[in-house]
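Hi everyone, thanks for having me. Let's take a friendly walk through one protein model, and please have it open on your screens as we go.

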Amino acid sequence: MAVYKEIIELKSHGGTPTYVNITPRVKEAIAKSGIKDGICAVISPHTTCAVFFEEFVHDFNEDGDEFLQEDLNDVLGKIIPDQVRDGMYRYPGEKHYEAVASWPDAESYLPGGDRTALWNGDAHLKATIIGSSEVLDVTGGKLGAGTTGYVYFVDFDRTRERTRKCRITVIGE
């Protein structure tokens, strides 16, 4: 049995959830792995990010999100509204603010001491519901998905732009 691992970097834009179609990168990793039959795990190590498998739908809104992604935002927003004020969620609590303020890079998380920069409890909850990984089939050295099956990485954290990582692990023979 062989194992191939790769980490890809992605940029999130902040302001709204950032969706990235990572299907081509997943397919490239499978091809580079040389594995013909097995599985491919796609994993986000970030607690406000998720990975999901969905149909590519060809229609986009003015922000560049596919219609199913826009629908997902609408549905998630009904059960988990965006955190826009203090007290909407228990998170972040006082001890969390204190812990972040003690980090060596605290300024990047609390610019100028601005606590609103940590108002991302909604992003954590949305990512938890969607899930941080997908396990996909590898058959004949290719992603075992239909024509419209695509793999997406989403950063639900709207607080700022970031560089994110996504791990791709291919296991098989």
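Let's begin at R162, which sits in strand β8, covering residues 162-172. Strands here are DSSP runs of E with at least two residues, helices are runs of H or I with at least four residues, and both are numbered from the N terminus. Before we go on: this is a predicted model, where local features need pLDDT of at least 70 and side-chain atom pairs count only at pLDDT 80 or more, while totals for chains, interfaces and linings use all residues. Residues are numbered from 1 along each chain as its sequence is written, and side-chain values use heavy atoms, with hydrogens and water left out.

Is R162 buried or exposed? R162 counts as buried, because its relative accessibility is 18%. Buried means under 20% relative accessible area, exposed means over 50%, and partly exposed is in between, using a 1.4 Å probe and protein chains only. The R162 side chain also makes a polar contact with the side chain of D157, at 3.0 Å. A polar contact is a pair of N or O atoms within 3.5 Å; within protein, one must be able to donate a hydrogen and the other to accept it, and residues adjacent in sequence count only if both atoms are side-chain atoms. If we skip neighbours within four places in sequence, R162 is in contact (heavy atoms within 4.5 Å) with L10, K11, S12, N120 and D157.

Now let's zoom out to the sheet that holds β8. Five strands form this open sheet, in the order β1-β8-β3-β5-β6, with antiparallel pairing. Two strands pair if DSSP finds at least two bridges between them. At the edges stand β1 and β6 (142-143), each with a single partner strand, so one side of each has no neighbour in the sheet. How many bridges join β3 to β8? There are six, and the two strands run antiparallel.

Let's look at another strand here, β5, where we find S133. S133 counts as partly exposed, because its relative accessibility is 37%. Beyond its neighbours within four places in sequence, S133 is in contact with V42, I43 and V51. S133 and F53 lie 80 residues apart in sequence, and their C-alpha atoms are 9.5 Å apart in space.

Next comes an open sheet of three strands, ordered β2-β7-β4, again with antiparallel pairing. Here β2 (18-21) and β4 (49-55) are the edge strands, each with a single partner, so one side of each is left without a neighbour in the sheet. On average, neighbouring strands of this sheet are turned by 30 degrees against each other, direction ignored. Four bridges pair β2 with β7 (residues 149-155) in the antiparallel sense, and N21 stands opposite Y152 in β7.

What lies across these strands? Helix α1 (residues 23-33) lies across β2 and β7, at about 115 degrees to β7.

Now for the inside. The largest nonpolar core has 21 residues, and those with the most contacts inside it are I22, V26, C40, V42, V151, F153 and V170. A nonpolar core is a set of buried Ala, Val, Leu, Ile, Met, Phe, Trp, Tyr and Cys residues joined through side-chain atoms within 4.5 Å. Two or more residues each come from β1 (2-12), α1, β3 (38-43), β4, β5 (133-139), β7 and β8. Take V26: leaving aside neighbours within four places in sequence, V26 touches C40, V42, L143, V151 and I168. A second, separate core has eleven residues, including F52, L76, A127 and Y152.

What about disulfides, meaning pairs of cysteine sulfur atoms within 2.5 Å? A search of the whole structure finds zero. C40 is buried at 0% relative accessibility, and its sulfur is 9.2 Å from the closest cysteine sulfur, in C166, which is too far for a bond. C166 is buried too, at 0%, and the sulfur closest to its own is in C49, 9.0 Å away, again too far.

Finally, the whole chain: five helices and eight strands, with 42% of its 173 residues buried.

Definitions and conventions: Axes are lines fitted to C-alpha atoms, for helices over the stretch in contact, and angles run from 0 to 180 degrees between N-to-C directions. A disulfide is a pair of cysteine sulfur atoms within 2.5 Å.
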